[in-house]
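Have the sequence and the 3D view open as you read.

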Amino acid sequence: MKNISIYLCIVFILTATNMSAQRSIGDMYADSVQVIRTTANASWKDKEHPTPAELEKSINLLLGAITYLDQPEVKTQALGNSYLFYRRSDVYQSLTNLYTLAKQYDKAIAAFSKAYETAKWDRSGIEKDSLYKDLIGLPECITLLERYKARTKLWNNGSFKTPFNPAISEDEKIAGLSLLWAQAKYNFVFIDKLTTDWNKIYLDYIPLVKATKDTKEYYRVLMQFYAQLQDGHTNVFPPDELAKDFYSRPPVRTELIEGRVFITNVSSPALEKTGIVPGLEILKIDGVPVLTYAGKNVRPYLSSSTDQDMIVREFSYNLLRGEASNPVTLELKDRNGKTRAVRVNRSGYTDVKKLPSISFTTIGNTGYLVLNSFSDDSLTAKYDSLFPEIAKTKNLVIDIRYNGGGEGSYGYHILRTLTDKAFKTSLAKTTVYEGYPVPGTKWIEQPQGSITPDRKRFYDKPIVLLIGPRTFSAAEDFAIVFEDIKRGQLVGESTGGSTGQPLHFDLPGGGSARVCMKKDLSPNGKEFVGIGIMPDINVPLTIKAIYEGKDEVLLKALSLLNKN
């Protein structure tokens, strides 16, 4: 009767929770289990010496939660919902605590073993918790802990992490390549989209990495290897000691416009005084025609998800990168057709002006809010301080064209003030490796978030959102929700088409890598990774606008708002 009562209690909690239309069935099952855990923990956590009766009551509650999780419908939901799936491990960890307090050590060890079977996080840290001081000295527990530590070492790949060496060993080279291959095979969320044999690519690259003469060349080959996966969140990063050799570039922005490459921004006043100014066309780099140079020296080493993302990486972010000590020679042409060759340093600039993460100004009665990054921890506070001024405007342009992402919650913070209704965040899925070949992909759905509006602030006036191919990652999460809640028109060009949650890991020789392990979809299930978020009104960059110094995307947005 006691278990039946507990089960009925959980069903009641589920029924009450089900009133929220924003939660999936699996999420609500998981919420019910969390309520039971909270209730069970409350009976002993704040007490120095809980009584045996209090402990027994909490144990029975948690056993009831396990019974609930064993119900066929709940188990079925858990197969496709990680939030629900990992609650079983949490319940068993709570049981481990209670059995230890009750000095029922055999049951504590059994519960701990169950907790680890389906654990998402490493639970071997109980060694440092005084609660378990008697438990961890038992032979059975010692054996379990050693086993779990070995499993943790297997998956955190710490043994592959070796210090920087200008010329790492051949064994390290093969180990690093093998780790990259394995991480992609088992964790890359878009492995099903490959049209090439990943195993064969790995075998083809073994002689290539063995032939590299030093660590720098080795990492260039690894970058080329992972570029085969064609994903903007799946990359290889060289050691910090080599960063100046890989990432140094003059403080200019270059862009491919109508098939030609132009300088569109110079962020160093000192460099600008030398005549390097926006509007100059780049004809050659180190004596090689610019398109040929990019195709040979830049593109093969880049990971990207879409054509527009690749163009930005190839002709903007990486075109002029190279060794800090090695200036780049540019053949330039001005709008009058006059050409000249100049040597431009890649380093040594002390006056570089960085884009602020957020800025606000007004253009007439229109507000112009620029969000260049979601990586600034102070962004939400800065936005909150600006909101009173934003609220005074007649309408608003939000510009995320140069926002490469960061923390998605910062974008949601802003979106909360732009609507008076709750909104859903992106859908997400991860894959499950089952240990044997399968013709399709098995997915686990991640819980879809629901964000409530800011009850004190609501900007209810017309908005236009500016997007482009540099709109990337968390900025795309912002744009896709903005589009989903139909808050305004999107103007500009397609976004980069890459977001997700990467798995980071270390490589031999001091470098690192990441592989995307989460597939994001729009709140309504539409795919945009590998495609991009399309604007309602497409306004491409033009050579004419560059020569005239006009921002045609912003002008179009202002025209739309003024027309309305």
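In this predicted model, which residues of α11 are buried? They are T215, Y218, Y219, V221, L222, M223, F225, Y226 and A227. Now look at what lies over them: the cover includes the helices α9 (170-187), α10 (198-210) and α12 (243-247), along with the strands β1 (235-237), β17 (502-506) and β18 (512-516). An α-helix has 3.6 residues a turn, so residues three or four places apart point the same way.

At the N-terminal end of α11 sits a cap: a side-chain oxygen of D214 lies 3.3 Å from the backbone nitrogen of K216.

Next, some backbone angles. Most residues other than glycine have a negative phi, and most peptide bonds are trans. Against that background, have a look at K103 and E258. K103 has a positive phi, near 60 degrees, and it isn't a glycine. E258 isn't a glycine either, yet its phi is positive at about 50 degrees. Where do you find them? K103 is in the loop between α6 (87-101) and α7 (105-117), while E258 is in the loop between β2 (252-257) and β3 (260-266).

Are these residues buried or exposed? The cut-offs are under 20% for buried and over 50% for exposed, so the table sorts K103 and E258 along with a few other residues.

| Residue | Relative accessibility | Counts as |
|---|---|---|
| K103 | 57% | exposed |
| E258 | 54% | exposed |
| P469 | 18% | buried |
| C141 | 0% | buried |
| C516 | 0% | buried |

Last stop: P469, in the loop between β15 (463-467) and α18 (474-484). P469 counts as buried because its relative accessibility is 18%. What does P469 touch, leaving aside neighbours within four places in sequence? Its contacts are Q308, V312, E493, S494, T495 and G496. P469 and I311 are 158 residues apart along the chain, and their C-alpha atoms are separated by 8.6 Å.

Conventions:
Residues are numbered from 1 along each chain as its sequence is written. This is a predicted model: local features need pLDDT of at least 70, side-chain atom pairs count only at pLDDT 80 or more; totals for chains, interfaces and linings use all residues. Side-chain values use heavy atoms; hydrogens and water are left out. Buried means under 20% relative accessible area, exposed over 50%, partly exposed in between (1.4 Å probe, protein chains only). Helices (H or I, at least four residues) and strands (E, at least two) are DSSP runs, numbered from the N terminus. Contact means heavy atoms within 4.5 Å. A polar contact is a pair of N or O atoms within 3.5 Å; within protein, one must be able to donate a hydrogen and the other to accept it, and residues adjacent in sequence count only if both atoms are side-chain atoms.
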